Amino acid sequence: MDFATTPDSEPIIDLHSDAYFMGEALRMAQRAYAADEVPIGAVVTHKGRVIARAFNQVETLQDATAHAEMLAITQAESVLGNWRLNECELYVTKEPCPMCAGAIVHVRFSRIIFGCPDPKGGGAGGHFNIVQSPNLNHQCEITHSVRLEECRGLLRSFFAEKRRALVQDGDAK
Ligand SMILES: [Zn+2]
């Protein structure tokens with residue numbers, strides 16, 4: 001998918017509420033940052049209301065599957081008492097990876113909204129388009145680049161800090 005262009009056929013969406021809910025996901029990403037986790041946050045909305053919020057906890061839980069999206073999905077399923085999230089939307093600060101994109105298809109989100117695209121490894125059109133694969137039994141709408149600069153800025157400053165720390169460690173030896 002070419003993220004630079006928006007096809008004319010793309011449905012009109014409420015940009016204000018997308019920006020608002022992405023703000024909630026950004027708050028989660030900041031909590032990940034504070035916990036020294038790669039700063040990615042996610043929220044799930046159901047009929048315009050947030051029902052789940054989570055941030056990346058791979059290091060804290062020592063669980064490679066503890067991505068923000070996966071944790072938010074599990075919460076949302078338990079809130080609704082239903083694994084089918086077809087009336088829900090997922091907001092996440094970075095494009096979902098292939099694992100999360102697979103989970104997104106399984107729970108049948110109607111739409112996913114993300115901030116920062118991931119052309120190297122993204123599973124929602126950046127590299128693979130798993131969430132819209134005609135071979136799978138569900139496809140969901142994608143809205144991308146919502147509050148892009150803020151979502152990307154958090155990731156960039158996190159990794160810049162990590163690199164600086166590595167250099168300083170090297171100098172100390
Ligand atoms: Zn993921």
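Just after helix α4, R108 takes a positive phi of about 65 degrees. Most residues other than glycine have a negative phi. The structure is a predicted model, in which local features need pLDDT of at least 70 and side-chain atom pairs count only at pLDDT 80 or more, while totals for chains, interfaces and linings use all residues. Residues are numbered from 1 along each chain as its sequence is written.

The secondary structure comes to five helices and five strands; helices (H or I, at least four residues) and strands (E, at least two) are DSSP runs, numbered from the N terminus. From the N terminus on, the order of these elements is α-β-β-α-α-β-α-β-β-α. Of the 173 residues, 38% count as buried. A residue is buried if 20 or more other C-beta atoms lie within 10 Å of its own, exposed if 12 or fewer, and partly exposed in between, with C-beta atoms placed from the backbone. Two residues are in contact if their C-beta atoms, placed in this way, lie within 7 Å. Among contacts between residues at least 6 apart in sequence, 56% join residues at least 24 apart.

Helix α4 has the buried residues C100, A101, A103, I104 and V107. Seen down the axis of α4, these residues fall within an arc of 160 degrees, so they line one face of the helix; the arc is that of the directions from the helix axis to the C-beta atoms. They pack against α3, β3 and β4. Where α3 and α4 meet, E69, M70, I73 and E77 belong to α3, and C100, A103 and V107 belong to α4. The axes of the two helices come within 10 Å and cross at roughly 20 degrees, which makes α3 roughly parallel to α4. Axes are lines fitted to C-alpha atoms, for helices over the stretch in contact, and angles run from 0 to 180 degrees between N-to-C directions. Angles under 35 degrees count as roughly parallel, over 145 as roughly antiparallel, 65 to 115 as roughly perpendicular and the rest as oblique. The crossing of α3 and α4 is left-handed, meaning that the near helix is turned anticlockwise from the far one by less than a right angle (clockwise for right-handed).

The largest nonpolar core has 46 residues, of which A25, A42, A72, L90, I104 and I112 touch the most other members. Such a core is a set of buried Ala, Val, Leu, Ile, Met, Phe, Trp, Tyr and Cys residues joined through C-beta atoms within 7 Å. Two or more residues come from each of α1 (15-34), β1 (41-46), β2 (49-55), α3 (68-80), β3 (88-94), α4 (98-107), β4 and α5 (148-172). Helix α1 gives the most, with eight residues. Leaving aside neighbours within four places in sequence, L90 is in contact with A42, V44, E69, A72, I104, F109 and I112.

F114 lies in strand β4 (residues 111-116) and is buried, with 30 other C-beta atoms within 10 Å. Beyond its neighbours within four places in sequence, F114 is in contact with V92, K94, E95, P96, A124 and H144.
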